[in-house]
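Trainee: I have not seen this structure before. Could we go through it together, one topic at a time?

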Amino acid sequence: MRSLLQVFGRTVERRAVIGGALVSTGTALVVGVVAGSWVAERTAAAYAVNGLLFAGMIAGGAVAAARATNHQLLSAVLSSGPVMVLAVVVQLIRRFGSGDAVAPLGLPLVMLLAASLATLGGILAGVAQRRRRSLLDAREPRRRRP
């Protein structure tokens, strides 16, 4: 039997969320923290690091949605949770550790961006799998286009 998780009254498979979270968090750790600390801001390498971070978040959401049997979009959004926690830790280290200026809206925007990119990954995975049912609710069948 699958290990299940109750979130917002919906039953989500834990293995799907963990798989997507491992992909997105691994990408954020390796690319964002390690490679991001080596590049200077506003350079071509910094834009490449941001592009890889975005791709990792989309891939994490896609993995979570592809592995889930029900509630694919919720699984994709939940897979971005560990990256949000990592963003809080990095922002606190930047603020209090090195004394860098941190924008007041930086953290909420990073969280919204992480959730949005994971949702995009979930949508792309759902489209690629061409499921007949809805991505939002398994009880409602997906309608065919005319």
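Trainee: Which residue forms a salt bridge with Arg15?
Mentor: In this predicted model, the partner of Arg15 is Glu13, and the closest N and O atoms of the pair are 3.3 Å apart. Side chains of opposite charge can pair when their charged atoms come close.

Trainee: How many salt bridges does the count come to?
Mentor: The count comes to one salt bridge.

Trainee: Is Glu13 buried or exposed?
Mentor: Glu13 counts as buried, because its relative accessibility is 4%, and the cut-off for buried is under 20%. Arg15 has a relative accessible area of 34%, so Arg15 is partly exposed.

Trainee: Let us change topic. Which elements does the protein chain have, and in what order do they run?
Mentor: The protein chain has five helices and two strands. From the N terminus on, the order is β-β-α-α-α-α-α.

Trainee: What percentage of the residues count as buried?
Mentor: Of the 146 residues of the protein chain, 33% are buried.

Trainee: How many residues has helix α2, and how far does it reach?
Mentor: Helix α2 covers residues 44–67, which gives 24 residues. From first C-alpha to last, α2 reaches 35 Å, close to the expected 34 Å.

Trainee: Which residues of α2 are buried, and what do they pack against?
Mentor: The buried residues of α2 are Ala46, Val49, Gly56, Met57, Gly60, Gly61, Ala64 and Ala65. They pack against α1 (14–35), α3 (72–78), α4 (81–97) and α5 (106–129).

Trainee: At what angle do the axes of α1 and α2 cross?
Mentor: The axes of α1 and α2 cross at roughly 170° and come within 7 Å. That angle makes α1 roughly antiparallel to α2. Among the residues that make the contact are Gly19, Gly20 and Val23 of α1, together with Gly56, Met57 and Gly60 of α2.

Trainee: How do the residues of that contact of α1 with α2 divide?
Mentor: The contact of α1 with α2 has twelve nonpolar, seven polar and two charged residues.

Trainee: And how do the axes of α1 and α4 cross?
Mentor: The axes of α1 and α4 cross at roughly 25° and come within 9 Å. The two helices α1 and α4 are therefore roughly parallel to each other.

Trainee: Which residues meet there, and how do they divide?
Mentor: In α1, Ala21, Ser24, Thr25, Ala28, Leu29 and Val33 meet Pro82, Val83, Leu86 and Val90 of α4. The residues of the contact of α1 with α4 divide into eight nonpolar, two polar and no charged.

Methods:
Residues numbered from 1 in each chain as written. Predicted model: local features only at pLDDT ≥ 70, side-chain atom pairs only at ≥ 80, totals over all residues. Heavy atoms only, no water. Helix = DSSP H or I, 4+ residues; strand = E, 2+ residues; numbered from the N terminus. Expected span 1.5 Å × (residues − 1). Buried < 20%, exposed > 50% of the residue type's maximum accessible area, 1.4 Å probe, protein only. Contact = heavy atoms within 4.5 Å. Axes fitted to C-alpha atoms, helices over the stretch in contact; angles between N-to-C directions. Parallel < 35°, antiparallel > 145°, perpendicular 65-115°, else oblique. Nonpolar A, V, L, I, M, F, W, Y, C, P; charged D, E, K, R; others polar. Salt bridge = Lys/Arg side-chain N within 4 Å of Asp/Glu carboxyl O.
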